[in-house]
Structures are given as structure tokens and as C-alpha cells.
Amino acid sequence: MQAFVLPDFYLPHPARLNPHEQHARDHSNAWAKQMGMLDAPGPSGEPVWDLEKLNKHDYALMCAYTHPDCDEAALDLVTDWYVWVFFFDDHFLESFKYDRDLAGAQEYLDRLELFMTEPGQTPPEPLNPAEAGLADLWARTIPHMSDGWRRRFVASTHNLMVESMWELDNINRHRIANPIEYIEMRRRVGGAPWSANLVEYACGAEVPDRLAGLRPLQVLRDTFADAVHLRNDLFSYQREVAEEGENSNAVLVLERFLDVPTQRAGDLVGELLTSRLHQFEHTALTELPVLYAEHAVTPPEQLAVALYAKGLQDWQAGGHEWHARSSRYTKITPRAEGPAAALAPGLPTLFGQYVHVPLGRQPGHLPIPALHMPYRPRTSPHLSRARRQTVAWGREMGMLDPVPGTGVHGLWTEQALAGFDFPHCAAMIHADATPEELEVSSNWLTWGTYGDDLFPVQFGRTRDFLGAKAANARLALFMPLTGEPTPEPLTPLERGLADLWRRTAGPMAPGARARFRQSVEDMTASWVWELANQIQNRVPDPVDYVEMRRATFGSDMTMSLCRLAHDGLVPDEVYENRVIQQLEHAAQDYSCFTNDLFSYQKEIEYEGEVHNLVFVLERFLGCDRFEARDLVARLMAERMRQFEHIVSVELPAMCDQLGLDEEVKRRLTVYADQLKDWMSGILRWHEECVRYSPASMSQRSPGMSEHAPAILPLPSGLGTSAVRVLALLGVPGAS
């Protein structure tokens with residue numbers, strides 16, 4: 001029986017078919033036979049594939065739909081790549097997923113890595129069809145592409161192969177991922193970022209390497225990937241979950257996490273798919289033009305990016321058409337047919353993002369539910385000194401002065417700054433700091449929160465987006481990398497950053513200083529992202545919100561500072577490992593969502609904010625604030641349990657797999673303990689801070705004009721900016 005009826009899909013672009021389809025089919029069939037893919041036996045002795053099965057799946061049709069404009073030779077090569085990746089997936093499933101052979105699976109994947117050679121290297125002799133296919137494809141593809149593309153393609157191919165172990169581990173543990181973890185890991189194991197790399201090849205237009213890592217291009221890739229994977233999960237649920245017992249599927253993830261029927265989960269996956277496609281369109285139309293101007297992107301580079309975006313768009317349309325036709329997936333009858341059904345589904349989601357009316361809502365107090373926190377905070381003995389110094393420092397930097405041109409006679413008062421008690425938070429997240437280190441940590445918390453508060457007051461009321469961009473761009477001038485001179489600070493924000501940079505980044509090694517500066521720039525750029533949403537009255541897409549929340553929270557900067565104590569001792573590639581990234585993201589999300597719960601009334605009722613997960617879920621799910629609150633608390637609990645599991649199981653396993661020595665293992669254990677202090681300290685600060693009481697929320701600053709913008713003169717919360725420095729946890733010489 002059908003598990004559910006497919007939702008209506010948002011299909012704004014018709015699929016087109018490449019005229020070289022039949023040639024690609026004939027070529028790929030012959031190539032698969034040549035590589036041995038039609039004779040490779042599974043554990044049962046039966047072939048994993050035969051020609052009949054390959055023809056039924058019809059990957060040539062998929063590639064002809066997803067790459068409608070490339071020439072015959074390019075379509076042949078792209079089709080061979082997809083034949084290889086689907087064979088790899090099926091062969092891996094047959095060989096290792098059913099009998100849970102973790103050791104054999106790791107050995108199989110380790111050998112495959114050897115066939116993605118650097119220029120001038122020679123691969124080993126292939127021992128199976130997956131190795132033979134990869135060796136052949138690598139030799140045919142890499143000579144046509146740049147080194148930058150090759151590095152990106154190696155990373156995405158590595159991820160889709162190696163992270164298959166994550167799926168296998170979850171099957172062994174009978175574990176279903178939480179929604180945030182699932183979206184992140186599906187990008188790595190699902191292969192769509194890999195497909196995005198092949199779009200560059202098929203279009204004959206590489207993304208310029210200097211732009212590939214910037215937010216708009218990352219968002220195009222990630223929204224493309226999410227939409228591809230969510231669509232696949234809808235079509236493949238019947239085969240993978242109902243028939244094969246897989247547990248890596250978005251419908252199943254939401255079904256279990258939300259405790260809803262399969263049909264409701266399928267409908268929600270369809271709505272999330274639509275939301276991701278709208279995010280793609282929003283980024284292409286509003287963020288790319290700003291990127292072009294800001295980075296002086298040349299006309300040929302703009303053309304390459306445009307062709308790439310068009311190629312991703314074609315892939316979405318063609319991928320849907322192939323899913324509907326391929327025998328690889330069980331046919332499920334959709335609700336409706338025809339062009340009207342194809343266009344209408346996206347409209348409510350699209351309009352719902354832009355019809356938010358700031359202020360005017362009076363939801364009232366949001367009681368905080370019980371929160372899962374297994375760790376107890378510790379407090380530095382130097383707290384009193386840091387409290388005195390922080391208020392004096394804020395006064396000296398000018399943070400208590402009027403904000404020019406706003407009618408605000410002091411964003412903060414001295415009494416308010418003392419009441420925020422950032423040193424209390426710093427003393428818990430940095431309990432072992434020296435007195436000087438604790439002062440630096442407290443000052444970073446103060447500076448970050450001041451900046452996050454300042455932007456909506458100074459630039460939000462007048463919708464001065466360009467003014468905000470200019471102010472943010474000047475901040476980089478006060479973070480020199482090699483001792484270059486800095487201008488005279490003109491504002492409290494610049495003055496505070498110049499002072500903190502000297503005290504914090506001065507002792508750093510050059511590489512660490514560059515990484516630290518990038519993390520600060522990512523944080524301050526997120527203030528501009530928030531402002532853009534406020535100007536547009538746009539409620540963020542749920543996935544974009546969670547990922548940008550880490551930036552507004554200053555998480556990357558926090559982790560950069562935290563790693564300084566281990567700089568040079570823990571290799572950089574260890575921090576790039578999936579296990580460490582998941583550990584950090586789980587901790588970051590727990591703390592971000594802590595703030596969203598405590599600051600809900602202040603942000604939604606008094607400030608007209610939209611950047612709050614409770615509110616984002618209200619709008620996306622169509623539920624009330626209490627149901628959304630409970631879901632946020634449940635997400636926090638799931639992220640904390642994931643954190644605990646990583647610390648106890650995955651982190652030691654990673655250390656053993658990478659062959660790390662005892663000192664590096666000890667440093668990583670200390671790092672995990674610091675993150676425990678971080679999360680527990682942030683929660684305790686929220687529980688004890690008076691800023692979220694009704695009295696604090698209903699009072700305006702005595703110096704604020706009655707004609708000032710309707711924004712509370714308190715910071716948006718520790719979570720929007722203040723934990724940006726948490727990790728002066730153990731930073732030597734930070735004073």
C-alpha cells in the first residue's frame with residue numbers, strides 16, 4: 001500500500017530534454033559493461049545490476065533532462081558519472097548495509113579515495129567496478145577543469161562516499177537523525193553538491209574560485225542540494241523506508257520527530273522543499289547583484305555564475321521529471337495534475353515569507369519548558385573585577401553615548417550595561433581564565449551585543465542598507481593581519497573593535513589571526529543579513545535561519561578563539577572532520593535556541609523581530625507559540641543528546657581512525673569540555689539574568705526619544721551576539 005500521497009510540487013520551470021539522449025544511453029550501457037558493473041555479484045552471488053535493471057533506471061534520461069543544453073560528449077561523460085554514483089550506492093548497500101560490515105565498508109571506501117589522484121599521481125590497479133569506473137572518469141574529467149574546481153569536486157566526492165558510514169552507523173544503532181543533523185548530513189552523503197560540481201562542467205562555466213566560498217554561492221549550492229534531496233526522499237520513501245528498512249529519509253525524520261502521520265510528514269517535506277526553492281530564487285535575485293558590485297565581479301565572471309545558476313535550475317526541473325518516470329522509485333499518485341497544480345503550491349509559502357507585519361503582536365510571556373542540560377556550570381573567582389572593568393570599558397569606548405542621527409540619546413545606560421552582566425556569562429564559559437583574560441572575554445561579549453543592537457537602531461528605521469554595508473566594510477580596517485596601519489576610529493563600534501583586536505589578535509600566529517578575522521567578518525556580515533530581512537519584512541526560511549543563527553551568534557568566531565589554545569597542536573584537517581563539525585554545530589544550536597526561548601517576548605512583542613526560531617516555526621508550521629516552543633525545546637534536547645553521543649562514541653572513534661597521538665586526543669577532550677562549559681554557562685546566564693523579566697521589557701531607556709524607532713534599547717539577547725567570544729576559553733596570552 002502507498003504510505004502517503006505525494007504533495008503538490010512547486011515547479012516554476014518546465015523540464016527540457018537534451019537531443020543527445022539516445023547516444024548517451026547507448027554509450028553509458030557499453031561503458032557500464034566495460035567497467036564490469038553488469039557482472040559484479042553481491043553477497044548473495046546475484047549481480048547487483050544487469051542490463052535490464054540499468055535500462056529501467058534510465059540514467060541517460062535523467063541526465064538528458066537535468067543537462068538539456070550540453071553537447072554530445074559532455075552528456076556522455078556526465079551520464080557515466082551518474083551511472084557510477086548509483087552503482088556505487090547500490091553496490092555499497094548490497095555489500096555492507098545489509099550485513100552491517102563496518103570494517104569492510106571502511107576498507108572499501110578508503111581504497112576508493114586513492115583513485116582521486118592529484119596531478120602527476122598514478123592510481124592503483126582497480127579491484128572492482130566502482131574503482132575501475134572512478135579511475136576512468138577521473139582521467140577523462142580532471143584535465144578539462146581548474147585546480148579550484150578539482151579541489152571542490154574531490155571534497156564533494158569524498159563526502160558522498162565516506163559519509164555513507166554515517167548512514168550505516170545509524171542503521172546499526174536503529175537511530176533516526178534529528179532534523180537539523182539530517183539536513184546537514186544529507187548534503188554530504190546525498191550527492192547533490194557533487195551534482196552541482198558536474199553542472200559547472202556540463203555548462204562549460206566554472207564558478208570563479210574567488211567567489212565559490214562566499215555566502216550567495218554557498219546558498220545557491222545548499223538550497224539546490226536540499227531541494228534535490230527532499231524531492232528524492234518523497235519519491236523514494238516507499239522503496240527505501242517501507243520496503244528496504246532504510247532510516248535516512250526526511251519524511252521519516254519529520255514523522256518521528258514531530259510525531260505526526262506519514263501523510264502530514266510528507267506534506268511538510270513538500271513545504272520545506274518549496275521553501276528551499278524560494279530561498280534559491282531570493283538569493284539569485286537579491287544577493288548576487290550585491291555580490292557583483294561588492295567584489296567587482298567582471299562581466300565574464302557574472303556570465304559564468306548566471307550559467308551555473310541556470311544549470312542548477314534546469315537540474316531541479318529535469319530531476320523532478322526523471323523521478324516521476326524512473327522505475328527506480330515506486331510510483332505514488334500525486335494529488336492533482338496539470339499546470340495549475342504545478343504552479344499554485346509555492347504561492348502560500350512565498351507570500352507568507354513577505355507579509356510579516358512588524359510589531360503589533362502581543363503574544364505575552366512565553367513560559368520556559370524544562371530543558372535537558374546534563375552539565376553544571378562553573379564560575380571564575382575573578383567575576384567582581386571583570387564586572388567593574390566592563391562597565392568602565394563600555395563607557396570609555398562610547399557605548400553609552402547618543403547614537404548620531406537616530407534620536408536615541410544613548411543606546412544603553414550605565415545601569416543597563418551593568419544589568420546585562422556579560423561578565424557573569426564570561427565567568428561561566430571561561431571559568432579558568434586569568435583576570436585579564438576574563439576581562440577580554442567580557443569585553444568581546446559587550447562589543448558584539450552592542451554592534452548587533454546598533455545596526456537595527458541606526459540603519460533599520462531609515463532602511464539604510466547601503467549605510468549598514470559601508471559601516472560593516474569599515475570594520476575590517478581595524479583588524480590588520482600583518483601590522484598595517486589602521487585609521488582613526490570614528491564610532492564606539494570601531495573604537496571597541498580596534499582595542500579588542502590589539503589585545504586579542506596581537507599574540508596570534510599569522511594563520512590563526514587570518515582565521516579569526518574571517519570569523520569576525522562572518523559575524524558582522526550576519527548583522528547586515530538580519531537588517532535586509534527586516535527591511536523586506538521577510539521571515540527567513542527555516543534552514544537558512546538555523547544556519548545563519550550560528551553566524552549572528554558569533555559561533556565561528558567563538559570556535560576560532562577556542563582553538564587558539566590548541567593552535568599548532570591539533571591539525572587543521574581534524575577540525576574539518578565531520579565529527580568535530582557536528583560536535584560544534586550541536587553545541588551552537590543548543591545555545592542559539594536557548595536565547596530564542598528566553599528572548600521570544602522581547603523580540604516579537606517589543607522589537608518587531610523575525611529572527612527567532614519559535615517565531616520561524618510558528619510561521620512555517622502554522623502552529624501557536626506554545627507548540628513551536630515545545631518543538632524548539634525538543635530540538636535542543638536532540639542536539640544535546642547528539643553532542644553527548646559524539647563525545648562518548650564518535651570522537652574517540654575518530655581519534656583512533658585518524659591515528660591521533662595521545663596529546664592531540666587530550667586537547668580534543670579539553671575542547672569538548674570547554675563546549676560543555678559554554679552551553680551550561682549560557683543557559684544559567686539566561687535563567688538568572690533580569691533582562692527578560694516583564695519589568696525590563698516594558699521599560700524604555702530614559703535617554704531615548706519618544707520619536708525613536710520602536711526597538712527596545714536592550715540588546716537582542718546573548719544569543720544574537722553576546723556569546724561571540726565564548727572561547728576565550730583557554731586562550732593563552734589573550735590580555
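# A guided tour of the chain

Begin by selecting Arg-634 and Phe-257, where the charged end of Arg-634 sits over the ring of Phe-257 at 4.9 Å from its centre; a charge sits over a ring if NZ of Lys or CZ of Arg is within 6 Å of the ring centre and within 35 degrees of the ring normal.

Before moving on, note that this is a predicted model, in which local features need pLDDT of at least 70 and side-chain atom pairs count only at pLDDT 80 or more, while totals for chains, interfaces and linings use all residues. Residues are numbered from 1 along each chain as its sequence is written, and side-chain values use heavy atoms, with hydrogens and water left out.

**The whole chain**

Now show the whole chain as a cartoon, where the secondary structure comes to 32 helices and zero strands; helices (H or I, at least four residues) and strands (E, at least two) are DSSP runs, numbered from the N terminus. Of the 735 residues, 62% are buried, where buried means under 20% relative accessible area, exposed over 50%, and partly exposed in between (1.4 Å probe, protein chains only).

**Aromatic rings**

Next, colour the rings of Phe, Tyr and Trp (its six-membered ring), which pair if their centres lie within 6.5 Å, with planes under 30 degrees apart counted as stacked, over 60 as edge-to-face and the rest as tilted. By this rule there are 34 aromatic pairs. Select Tyr-82 and Trp-315, a tilted pair with 6.3 Å centre to centre and 40° between the planes. This pair links distant parts of the chain, since Tyr-82 belongs to helix H4 (residues 72-97) and Trp-315 to helix H14 (residues 299-325), 233 residues apart. Tyr-82 is buried, at a relative accessible area of 2%, and Trp-315 also counts as buried, at 4%.

Then select Trp-138 and Phe-153, whose ring centres are 6.0 Å apart and whose planes are at 15°, so this pair is stacked. Trp-138 is in helix H6 (residues 129-141) and Phe-153 in helix H7 (residues 147-162), so the pair ties together parts that are 15 residues apart in sequence. Both Trp-138 and Phe-153 are buried.

**The nonpolar core**

A nonpolar core is a set of buried Ala, Val, Leu, Ile, Met, Phe, Trp, Tyr and Cys residues joined through side-chain atoms within 4.5 Å. Among the residues that touch the most other members of the largest core, which has 214 residues, are Tyr-82 and Trp-447, and the largest share of this core, 14 residues, comes from H4. Select Trp-447 and display its contacts (heavy atoms within 4.5 Å): leaving aside residues up to four places away in sequence, Trp-447 touches residues including Trp-393, Leu-497, Thr-524 and Trp-527.

**Two further stops**

Asn-472 lies in helix H21 (residues 465-475) and is buried, with a relative accessible area of 16%.

Finally, select Glu-414 in helix H18 (residues 414-420), a residue that is partly exposed at 38% relative accessible area. A polar contact of 3.1 Å joins the side chains of Glu-414 and Arg-395; such a contact is a pair of N or O atoms within 3.5 Å, where, within protein, one must be able to donate a hydrogen and the other to accept it, and residues adjacent in sequence count only if both atoms are side-chain atoms.
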